[in-house]
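This report covers nonpolar cores and a domain interface. Please view the structure first.

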Amino acid sequence: MASGYFLTILTFTAMYISLALSLNILTGYAGQVSLGHAAFLGIGAYTSAVLTLRYEVPFWLAFLAAIVLTGLIGTILGLPSLRVRHDFLVLATMGINFVVVSVFKYVDFFGGAMGLVNIPAPSLFGITFRGGVPYLLLTTAYALFTLWICWYLSKTWSGLAFQTIRNDEEAAASLGVNPARYKIYAFGISAALAGGVGSLYAHFLGSVFPDNFVFVESIGMLSMVIFGGIGTLRGPIVGAILLRLIPELLRFIQDYRFTFYGALLVLMMLFQPMGLLGNDSWLWQHLTRWFRSSARSAKEDVR
Amino acid sequence: MSQLEIRSVSHWFGGLQALKDVTFDTHDEILGLIGPNGAGKTTLFNVISGFIVPTSGEVRFNGKAIHRLRADQTVRLGLARTFQIVKPFASLTVEENVLVGLGMPYYPTSAALYQRYRTRSNLDQVEQILAKVHLTDYRSAQAAKLPIGLLRRLEIARALATHPKLLLLDEPAAGLVAQEAEELAALVRDLYAQGLHIILIEHNMRFAMNLCHRIVVLAQGEIIAQGNPTEIQNNEKVINAYLGQE
Amino acid sequence: MLTIENLYVRYGQIEVLHGVSLDVGESEIVAVLGANGAGKSTLIKTIIGWARPAKGECRLNGEVINALPAWERVKRGLAIVPESGRLFRELSVEDNLRLGAYLREEQETKKQMEVVFNLFPILAERRKQIAKTLSGGEQQMLAIGRAMMSNPRLLLIDEVSMGLMPILVKRVFQVIQELPQHQVSVLLVEQNAFEALKIVHRAYVLENGHIVLEGKAQELADNPLVKAAYLGG
Amino acid sequence: MKIKLSSLFVALTILSLILAGCASQPTPTPAVEQPAQPQAPEVTEAPAMTEAPLETEAPQATEAPAEEPAAPSGEPIKIGFFSPTTGFAAADGTSALQSAQLAVKIVNERGGVLGRPLELVYYDDAAKPDQASAIARKLIEQDKVVAAISGSYSGATRAAAPIFQEAGIPMLSAYAIHPEITKTGNMIYRIGTLATTQGRVGAELVGKVMNLKKVAILTIDNDFGISLTEGFKQHAAEIGLEIVLEEKYPLGETEFRPIIGKIKASGAEVVYATGYYNEAANLVSQARDEGLEIPIIGQEGYDSPKFIELAGEAAEGVIITTDLNRDSERPMTRLFLEQYEATYGEKADMVGASAFDAVMVLAYAINTAGSTDPQAIVKAISELKNFEDVASGPFWYYTPEREVVRPISSQIVRDGAFHLYHEFTDEALVKP
Amino acid sequence: MLLLQNLSNALILACTYILMAAGLTMVYGVLKVLHIAHASVYTVGAFVGVLAFTRLGNFWVALAIAMFVSGIFGVLIYRSTYFYLLNSPRTVPLIASVGMFVMFTDLLQKPFLMGAYQRAFPAGGAGLPAVKTALFSFTAKQVLILLVTVILLAIVYVILTRTKLGLSWQAASMDRDMASAVGVNLNQSIAANFFLGSALAGAAGVLVGVYNNSVFATMGDLPSYKAFIIIVLGGMGSLPGAILASLILAIVENFLVASIGYVLPRDSIAFLVLILMLMFRPNGLLGRE
C-alpha cells in the first residue's frame, strides 16, 4: 500500500497543503486574492537550486535561504497590492507570475529554458532524502510547520489585523490598523512559506524548469483554497488533498479528469461558494451539528 | 485650550466643493454636527479622522497638526470614530472586534507578528469595555449575527478600546428604535462624564438636541450656525436649510 | 392608483420601515416628508422594486407588484427620479432621454422628447452634451425629463431639491405641480417640507420608519409636529 | 479550536507513521547488483544480436511473412509509457502514444516478446514533472513494468529518469532531448538524436551541402532550440559559416513578422530556424508573405505532416534535418508510415516515429536478453548493432553515453511532402 | 519603409486583439466578472468556423455560423453560471470561470470534438486581393482581417450608439438598477450583450485561425489573459479604450521585437506594462473615474 507511487502522491499533497495554507494567509485571512502564488513557489525552488548547485550551499541552509529570500521578494512584489484592488489585484498578481517565470526563462543565471538539473537531494546524519518515506516525513513536517504558523499567526495581532483588512479596510484603519503594513506582511509571510515548499519541490524533483511555475499552477492553488473553504485552516488542507487526489483517483478516466475537475469547480461555486468546509457550507454545518449533538448525547450518557 | 481646532478646511471632490472654509473648535463638551443630506458632515469626519487629506486648511488635535496623518495614525493620538453605516468585522466575534481597537494602535511594530492578542489582561480590559456598553452577554457572538442596535454599541466599544480622548460618532442613533436610542444617549452622557469629549453627527434631532451641549450646523459644506440646541432650533437659517423657506 | 399596506422593509439586519401604509390617487401629488434617515428613500426604492419588502403589500392599480422586477413596474406606468439623479453619466442628454423612453416606440419617443424640451428648454440646448458635464440643476432637470419620457402614470421623486439653488427648486416644483394636468400622479419624497407642502395635495410625515402624521397640505403646513419631526424638541 | 487543531496534528502524524511503517518493508530495490558501466560496443566484435531479432521478428514486414509466428501467450510483459495526452502538449503526446501502441501491436503480431504478449501501460502526465515523477513510481511499483518509455517533454522525462535509474528499471526517452536525461545513469537511453548533434548536421547541411555562408539563426527558447543552436554554432565556427543574425523567440509564438524584417535587413543567405511545426508553419508562411525568399532550414521539430498542412505552399522548398527518411525503402519505415496512417487516419510524425522505435528497441532488447532482467535489457541495448527494425533507423550502435548513432537524413518539402534531400552518413559527424 | 511595414503588421496584430478584447470589455462592462472562459468561446468559434468552412467551402458563411454558435455558447455560459453568481464575492464567478475554461479546453481536445492536433484553416484571403504599395503591403489574409474587424467594429459601434439595445448595455454598465428602472429588461439585455460579445470572440477565433492557418484546442490559452491585459489597460468596460490599448500593445510588442528582440516574452512585456500602469493610473487609459 505504501508504495513509492503513493508516497510520491502524498509528498506532493503535503507540499500543496503547505502551498494552499500559505496562499490562504494572503487570500483567506488578508483578503488579497492572488493568482500568482506559483511565482513564489518558483522563487523558492530556484533560490534553493541555485544555491546548492552553483555555490554548493548545503540543502538545509539553502532551504532556509529560500524561505527568507522568497519572503523578501514577496514583500516587494506585494507592493502593487497597496495601490490596486479587487479584479485589478487579481490581474496584477497574474502578471507578477508571468514576469517571474520569464525572468527564470530569460536569465541565463537561472539556466534559462534548460532549467537547472542535478539538484542534490538533501541529507541529514548521512541519510539521503531522495523520495520515499523520509521525504514524505520532511514535507509533512513542513506542512505541519505551515499549519502551525497559520494557526499561531491567527492568534497574533497580525492575524487579527489581516482579518480586519479583509472585513473592512476603513474600519480597520479607524482602529489603528495600517492596512499597507499588514498587506505587505501577508504577502511576505505567504511568499516565504511558499518559498520553503519551492525548495522542497526542487530537491524532490531534482530539476526545475520555468514551466513548472506557470500561471495555471497558481489557478490550481487558488482553487484549492476556495474549494476547501477560504479563510479557515481546515479548508485549504482539505482542498489541497481533494484537488490533488481527485485527478489521481480519476486516472481510470484519465483523459477526462480535467473535464471533471473543471466541472467540479463550477458546480462548487454554484452550490457551495464558501467551499466544502467553509463556515457557511452545508457540509460543515451538518458536521458541526452532528458533533455537537453527539457530544451532547455523550454528556448525557455520562450523567 | 481647545482640544480640536479646525481651521479653514476646504475640500473638493473633482469639481464639487464638499467643504467650504470650515472653522470651529471643540472644548470640553458633547458637540453635535448636524445638517441636511450632502452638507459635508461625513466628509468633515473623514478629514478629522485621517481618511481624507483636505484640499486646504488645517486640523490640529491637542496642538498637533493631524490633517496629513493617516487614519491609523490619528487613532494613536486619541481620536476614535464610528461609521454611519456600521462596519463591524463580520467574521470576528464581538470580543475580537473590541480587541482590535484595544491592541492595534499599539502594534505598529513587527511585534504584532508574534505577540498573541488573547491575553488575560487584554480580555479583562475587553470585559470592562463590553460592560460599559452592555454587550457582555454577546462577547462570543459573531458580529455578523448581531442586530443593528448591538452593532452600534459594538462600534462604540471598539472605538473606546483605543483609549480615545475624542470620540467621533457618525449617526450613532440611525436605525435604532426609541428605546435603544435612549440607552445610547445615556451611554454617551456616561462617557462624557468619564472625561471623553464627543462629536456626533446626527439626523435624529430629538436625540441630538437632548444630548448635545453645543451644535454646529453645516449646509452645502459651510457652517451656517452654531450654538446651544435652543438657539439652533430657533435659528432662521437652520429652519430654512431643513424645512425650506416658509 | 398606488396603495401601500403595512410595509416592512429591512436592509440586512436593519429594519428601516415598520409597517408603513399610504396611498396615492389619480392625478394626485402626495409628499412623504421627514428628516434624514426616516426611511423615505427606502420607501421609494421599495416601490420601484430596488428593495424587497419583508412584509406588506405594494399594489399598483389593484395589482400586487411586490415581486416584479423594476422594468415590469415601469411597463405598468411607474417612473422614478432617484436621489441625486443617477443619470447615465457617460451618455449624452439625448441618450439619457431616449433611455427614459426605453419601452416606447420611436415615434412616441420623439414626441415625448419635444414635451420634455418644452418643459426644460435648457436640455434642448444641451442635447448633445455628456450628462456628467451638466451643472447640478441641469442634471436634476434631466433626471426628471428622463422619468417623464416614459409617459408615466405615477412618478416617484426622491429628494429632488437636494443640492439645488432655491430658484431652481422653485422651477422644478413648478413643473411637478403641472404634472397632474397630464394625468400623472406624483409621490414626492422631500426634506424641504415647506416648499413641498406648497405644491402637494396631501402629505405623510415619516419618522423613524413610522408614519406619524398625515393630512392635507395646508393642515400640515401649520402643524408644529412637522417641525418637530425635523428638528426635534 | 484548539482541540480540533491538535487532533489534526495527531491524525497527520499517525498517517505518516503508518506509511513509514508500511514502506519500510519491501522497498523496491533491484535484486541485481549495480553493474559497471556497460562496455562500449566494439564494432569489430561479431554482432550476434543482429540475428536474434531476425529469428523472433519477421524482417520483411511489408511482405506476407513466410511463416506465421506463433501467437504470443502467457503472462504479458508490461512496459510503461507516459506522454501528455491532455493540456498544451496533447498533440505530441497523442502522436507518441498512438505510435507506441502501433508498435506494440506489430510486435505482438510477430509473436510478442519471449513468446509472451507485450503490454503497454500508459498514463497521461500533462507534460508536468510532478505528475511524471508520480507516474514513474506507479509504473515501477504498481504496474511492475520491466522497462519504460517516456513519450513526454524534457521536464517530465528529466523528473522521471532518476526514479527509474534508482529502481534499476530501464527507461528510454523517445524524443525529449535535454542532454542531462541520459546522464542520469546507466538505465536511461535515448531514441532521438541529441539536439546538439542535429544542430551540427544542420550547419554541415548549410555550409557543405548547400554551400551557403551567411546564416541567420532563430532559436526557440526551450531546451530543444537552445541545444540545436549550440550544436549548429559550434560546427558553424569549424566550417567557417558567418552568423549574421541571432534571435530567440518563445514557444508558441505566432507573430514572426518583426523578426523577418530583421532577417531581410541582415543580408542572410539562409535561415536556420529551430522550432516545432506550428511555430515553423507560421514562420515560413509569414516569411514568404513578407517576401523573404531565402532557404529556411529546420530540423525534426518540423517533421510532421501538420507542418505542410499548416504552412501550405510556403512549406515548399523548406529543408529539414531529421532521423526519419520518408523516402526510405526500409521495410520498417514503410510499415510504420503506412500502418500509422491506416490506423489513425493521420500521417505520422517524427515524435511518433521516436516512440515507435522506442518500443521496437525495447522489444528487441528483451528478446535478445532472453529475459526481463533489467541489467540484461540494458546490456542488450548497449550492444545493439546495425539495428534495422526501427522506423528512423538503422541504429548503428549506442555510445557509452547511451546516445544512438545512426545516419541522419535531410528532407526537403516538394509537392506537399517530405523527400530525401541528402543523407549524412559520416560517423564522425552524426556521432554525438 | 521597414518602419511602415512593421506598423501595418502591428495593425493587423492589433485587429486580432481588438475583437477578442472588445467582446470581453462589453461583457465586463455589464457584469463586472473576470470572464476567463471568454477564451473558450474564442476557441469554439474557431473550431466551428473551420468545421463549417471545410463542409461548406465558403468563408463568409462559415464566419457567420461560427459567430452565431459562439454567441449562443456565450449566452449558455451566462445563463448557466454567472446569472446565479452576480451578487457573490468576486472570486466566486472568477473560479467558476476558470473551471469552465479548464473543462471546455479539456473537452475540446477530445477526439470527437477538435482532437489534440492542429487543424488547418485554409480560407486564405477569402477571395480578397492583396494590397501592395511602395511603402507597405498587406497580404490577402491581412486585408481580410482588417476588413472583417472594421466591419464588425462598425456594426458594434452602431449597435452600441444607435440602437436601444446598445444604449441599454451602456446604461446597465453605468448603473444596473437605474437601467432596470427605465424599463430595461436586464435579463434579456445582458443575454444579448453576452451574445454579441461572444460572437465577436468567435469571429476573433475564426480570424486568428485563418491568419495562422491553424486551429487547436488550447489556442485560447494566450487570449485568456492577453485580452484581460488589454481591457485593463483600456479601462475596464471601455470599448474605445480597448481598441486603443490593442493598438498600443501590438505596436509596442512588434517594435520591441523588431528593434531589440525578445528581452522578455511578449506576454511578460504586456504584463509589465499592465502592472506599471496599474501602479500609476489604476483606472486604465480611458477608464471612468
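Contact here means heavy atoms within 4.5 Å. The model is predicted.

## Nonpolar cores

From chain A come A:Ser158, A:Ala161, A:Phe162, A:Ile165 and A:Val177; from chain B come B:Met104, B:Tyr107 and B:Ala112. Residues up to four places away in sequence are not counted.

The largest nonpolar core holds 352 residues. A:Tyr182 is among the members that touch the most others, along with A:Phe162, B:Leu167, C:Leu155, C:Ile176 and C:Leu187. Helix α1 of chain E (residues 2–31) supplies the largest share, 16 residues. Domain 1 and domain 2 of chain C each give at least three residues.

## Domains of chain C

Ten residues of domain 1 and seven residues of domain 2 make the contact.

## The domain interface

About 900 Å² is buried between the two domains of chain C. Carbon and sulfur atoms give 68% of that area. On the domain 1 side, C:Leu155, C:Val160 and C:Met162 lose the most area, together 39% of what that side buries.

How many salt bridges cross this interface? The rule finds zero. One residue pair is in polar contact across the interface. On the domain 1 side, α2 (70–75) and β7 (154–158) of chain C each supply at least two residues. α2(C) gives the most, with three residues.

How values were computed:
Residues are numbered from 1 along each chain as its sequence is written. Chains are lettered from A and ligands numbered from 1 in the order in which they are written. This is a predicted model: local features need pLDDT of at least 70, side-chain atom pairs count only at pLDDT 80 or more; totals for chains, interfaces and linings use all residues. Side-chain values use heavy atoms; hydrogens and water are left out. A nonpolar core is a set of buried Ala, Val, Leu, Ile, Met, Phe, Trp, Tyr and Cys residues joined through side-chain atoms within 4.5 Å. Buried means under 20% relative accessible area, exposed over 50%, partly exposed in between (1.4 Å probe, protein chains only). Helices (H or I, at least four residues) and strands (E, at least two) are DSSP runs, numbered from the N terminus. Domain bounds come from an automatic or database domain assignment. Buried area is the accessible area (1.4 Å probe) that two parts lose on being put together, summed over both. A salt bridge is a side-chain nitrogen of Lys or Arg within 4 Å of a carboxyl oxygen of Asp or Glu. A polar contact is a pair of N or O atoms within 3.5 Å; within protein, one must be able to donate a hydrogen and the other to accept it, and residues adjacent in sequence count only if both atoms are side-chain atoms.
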